[in-house]
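Here are some notes to read beside the model. Please keep the sequence and the 3D view open while going through them.

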Amino acid sequence: MQPPVTLISDAQSAEETFLRQIFVRDQMAEWSRDPLVMARADGVHYWDIHGRRYLDALSGIYVVSVGHNNRRVIEAMRQQLDVLHFSPPMHGTNPVAVRLANLLAEVSPGDLNTCKFECGGAEVTEAAIKLARQYHRLTGHPGKYKIVSRYQSWHGSTMGSLAASGLKSRKTVNEPLPAGFLHALPPTCYRCPYGKRYDGGACGITCADVIEQMIDLEDPETVAAIMVEPIGHTGGVIDPPPEYLPLLREYCDRHNVLLIFDEIITGAGRTGRMFAAETFGVTPDVLCTGKGLSGGFAPISAMIVRRPIADVFWGPIETNPGFVEGHTNEGHPVACAAAIAVLQEILERDLCANARQQGDRLRAGFERLAAKFDCIGDIRGKGLLQAIEFVEDREGRRSFPKSVNFGVRVGRRALAHGLLCRFDPNWIAFGPPLISTAEQIDEMLAILERSLAETLDEVLSARRDA
Ligand SMILES: Cc1ncc(COP(=O)(O)O)c(C=O)c1O
């Protein structure tokens with residue numbers, strides 16, 4: 001007999017909660033043995049239903065940019081609710097969406113100045129794919145439909161965004177996926193897929209070069225867009241060499257291919273500039289942002305398009321249907337009010353500068369740990385998006401055997417010690433809120449150090465006993 005559904009109102013009832021009522025993102029049988037259920041949050045902290053406190057070194061999942069329980073954002077949403085909580089999306093838009101579009105145009109690099117709002121990352125990366133295809137159709141190149149993206153990337157769970165993604169662990173179970181998607185190997189310098197060493201660019205940036213070769217071999221008249229995260233997250237925070245993104249820009253210009261940046265994680269200040277496009281000095285044709293844009297207070301994402309691309313969608317109705325894409329909750333007034341308040345927080349409190357400053361502190365802390373622990377092979381990322389890759393043998397860059405599951409063990413220990421971060425078998429990543437202070441960064445590092453030392457002890461003593 002299944003127990004009755006119980007609402008989670010306190011620790012007592014949570015114990016009896018019927019957890020089979022909910023699909024979680026983890027392997028569910030595993031998760032339900034020790035379920036994490038958050039009850040409240042403030043600043044850079046969560047509390048679970050048992051009253052345990054967690055330092056949030058992950059901003060939820062790179063979302064909570066301006067902190068939990070940010071009163072300015074909450075107040076802006078409350079005020080918006082009193083005025084207009086929903087506007088008819090088929091007939092027009094609303095003043096808050098227009099204000100947000102204007103603000104995003106102001107803070108975006110180059111002539112990125114026309115916005116389409118959606119509710120999440122997958123919706124918006126998928127919209128970017130559709131925009132690229134329709135753009136080429138409207139400009140006399142209807143055969144340009146292929147999307148070049150990368151292995152190990154993640155662009156979302158809907159079928160189109162999933163087809164662009166490069167993770168077999170999330171794709172295979174959903175195959176067959178839509179056609180027209182090609183994948184290149186990512187710029188993982190620490191483990192160059194072409195067996196080279198970067199050495200100031202002496203490698204010839206083969207990882208970029210092969211993308212131009214792919215376009216050429218496929219026939220440029222069939223390729224619509226290249227879509228990449230400026231810093232790839234899945235795969236362990238893949239921070240490209242400085243030449244990489246400028247080269248992609250060059251190839252796109254040469255072959256009439258649109259460059260799409262998926263900045264769902266890297267946008268809204270995370271890498272120390274409003275967008276990673278500025279961090280790398282490359283303006284894409286389409287920039288997708290989400291997650292931190294509204295700080296998690298409401299689901300919203302935005303596709304920001306360069307003027308000349310957007311202009312193509314303004315022709316007469318007889319020949320131009322406009323951009324054929326839409327969702328019921330796009331441009332939701334309350335979500336737009338939240339995003340405006342978040343952007344104001346980032347701008348007025350100069351949280352990009354804080355992301356750079358605390359990012360430097362985090363990097364220095366990771367480097368101190370690397371001096372102490374040989375199992376840290378590489379440190380990557382920018383601003384408040386940084387990762388450590390673990391190795392069993394630093395000299396040979398050899399990973400721990402799969403069965404050791406090293407990074408996951410470090411991450412689970414960190415969680416048990418009250419630190420939320422992103423963990424994978426071979427790496428661990430931090431992406432704390434942009435409001436994090438030096439003391440909080442130090443506290444995060446201290447918990448990581450303890451968790452790392454304990455995991456190493458455990459692994460080494462198991463080996464001694466074996
Ligand atoms: C880089 C990137 N793009 C797109 C997505 C999809 O976003 P969402 O989960 O909001 O659909 C994610 C989600 O983690 C992401 O990390």
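1. Basis of the notes. This is a predicted model, in which local features need pLDDT of at least 70, side-chain atom pairs count only at pLDDT 80 or more, and totals for chains, interfaces and linings use all residues. Residues are numbered from 1 along each chain as its sequence is written, and side-chain values use heavy atoms, with hydrogens and water left out.

2. Overall form. The protein has 16 helices and 15 strands; these are DSSP runs numbered from the N terminus, helices being H or I with at least four residues and strands E with at least two. The radius of gyration of the protein is 23 Å, close to the 23 Å from the globule rule for 466 residues, so the protein is as compact as a globular protein of that length. That radius is taken over C-alpha atoms, and the rule is 2.2 Å times the number of residues to the power 0.38. Along the principal axes, the C-alpha atoms fill a box of roughly 75 × 60 × 50 Å.

3. Accessible areas come from the Shrake-Rupley method with a 1.4 Å probe, and for residues only the protein chains shown count as cover. Among contacts (heavy atoms within 4.5 Å) between residues at least 6 apart in sequence, 69% join residues at least 24 apart.

4. The ligand. Which residues surround the ligand? They are Gly120, Gly121, Ala122, Trp154, His155, Gly156, Glu229, Asp262, Ile264, Ile265 and Lys291; a residue is near a molecule or strand if one of its heavy atoms lies within 4 Å of it. This shell divides into four nonpolar, four polar and three charged residues. Here Ala, Val, Leu, Ile, Met, Phe, Trp, Tyr, Cys and Pro count as nonpolar, Asp, Glu, Lys and Arg as charged, and the others, Gly among them, as polar.

5. Polar atoms at the ligand. An oxygen atom of the ligand is 2.8 Å from a polar backbone atom of glycine 121, and a backbone N or O atom of alanine 122 lies 2.8 Å from an oxygen atom of the ligand. A side-chain N or O atom of aspartate 262 is 2.6 Å from a nitrogen atom of the ligand. The protein covers 79% of the 390 Å² of accessible area that the ligand has on its own.

6. Serine 153. This residue lies in the loop between β5 (146–150) and α7 (159–164). Serine 153 is buried, at 3% relative accessibility. Its side chain makes a polar contact of 3.5 Å with the side chain of histidine 155. A polar contact is a pair of N or O atoms within 3.5 Å; within protein, one must be able to donate a hydrogen and the other to accept it, and residues adjacent in sequence count only if both atoms are side-chain atoms. Leaving aside neighbours within four places in sequence, the contacts of serine 153 include Glu229 and Thr234.

7. Threonine 266 and histidine 233. Threonine 266 is in the loop between β8 (258–263) and α11 (276–280), and histidine 233 is in the loop between β7 (223–228) and α10 (244–255). Are they buried or exposed? Threonine 266 counts as buried at 1% relative accessibility, and histidine 233 counts as buried at 6%. A polar contact of 2.9 Å joins the side chains of threonine 266 and glutamate 263. Beyond four places in sequence, Leu385 is among the contacts of threonine 266 and also among those of histidine 233.

8. Leucine 100 is in helix α5 (residues 95–107), and isoleucine 340 is in helix α13 (residues 333–348). Leucine 100 is buried, with a relative accessible area of 0%; isoleucine 340 counts as buried at 10%. Not counting residues up to four places away in sequence, leucine 100 touches Phe117, Ile300, Cys336, Ala339, Ile340 and Leu343.

Key
Buried means under 20% relative accessible area, exposed over 50%, partly exposed in between (1.4 Å probe, protein chains only).
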